[in-house]
Amino acid sequence: MKIVSQSHEWITPLNRDVTLKRIEQIARTCYKSEGAIKPGSDAKMVAMLCKNHHYAMIEHISLSCKFITDRGVGNEIVRHRIASYAQESTRYCNYSKDKFDNQITVIEHGYTGKKREIWENSCKQDETAYFDMLAAGATPEEARDVLPLCLKTETVCTWNLREWHEVLRLRTAKDAHPAIRKLMIPVLHELQEVYPEIFNDIEVVA
């Protein structure tokens with residue numbers, strides 16, 4: 001059994017210059033003010049759009065990101081719409097194969113002491129049961145019934161910028177699940193660094 005931490009990987013590069021220029025070009029179609037485009041006008045335009053909650057313009061830009069987390073958090077992530085998802089499938093992935101190092105992988109959530117001992121023992125028992133099911137002739141989609149909720153999964157999410165804003169507003173909030181907060185807060189900080197005009201109104205409360 002392998003234990004790994006949650007992480008994320010951008011599939012779409014975060015490119016401030018390209019993104020803001022595209023949003024400005026699209027938005028100025030509404031006013032037929034393309035002639036006002038000049039150096040620096042894109043950032044001012046996007047800031048104005050977001051300040052006025054004219055979010056329809058930022059819906060034209062989408063970003064894709066791969067999240068490595070557990071099945072429980074993954075189930076929360078895919079609740080968000082409008083979106084496209086590609087998720088590691090326990091129906092078709094057979095963790096007894098060499099490409100999975102013949103073991104299951106679970107997500108680290110920082111348990112210590114007695115809780116850590118109980119958690120690790122439970123995961124190991126689930127792994128044994130999974131391989132026993134396969135050995136008894138079960139298909140991967142049958143054997144997955146004994147896998148733990150903390151099983152690692154990889155999910156690629158594609159959301160437009162308005163949906164990214166909504167996802168991060170909800171999933172970094174103080175009352176969000178601790179595991180999804182831990183996953184999403186670094187993502188928010190990265191987007192705030194590149195696109196402050198869009199994401200700086202989201203505040204993370206400890």
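**One residue and its chain**

Of the 206 residues of the protein chain, 43% count as buried, where buried means under 20% relative accessible area with a 1.4 Å probe, counting protein chains only. This is a predicted model, in which local features need pLDDT of at least 70 and side-chain atom pairs count only at pLDDT 80 or more, while totals for chains, interfaces and linings use all residues. Residues are numbered from 1 along each chain as its sequence is written, and side-chain values use heavy atoms, with hydrogens and water left out.

The protein chain has 8 helices and 6 strands, taken as DSSP runs numbered from the N terminus (helices H or I, at least four residues; strands E, at least two). Gln103 lies in the loop that runs between strand S4 (84-87) and strand S5 (105-107).

Is Gln103 buried or exposed? With a relative accessible area of 17%, Gln103 is buried. Once its neighbours within four places in sequence are set aside, Gln103 is in contact with Met1, Lys2, Tyr95, Glu127 and Phe131, contact meaning heavy atoms within 4.5 Å. As for Met1, its backbone nitrogen is reached by the side chain of Gln103 at 3.0 Å.

Across the whole protein chain, residues 24 or more positions apart account for 75% of the contacts with a separation of 6 or more. The C-alpha atoms of the protein chain fill a box of roughly 70 × 35 × 25 Å along the principal axes.

Methods
Buried < 20%, exposed > 50% of the residue type's maximum accessible area, 1.4 Å probe, protein only. Polar contact = N/O pair within 3.5 Å; in protein donor to acceptor, adjacent residues only side chain to side chain.
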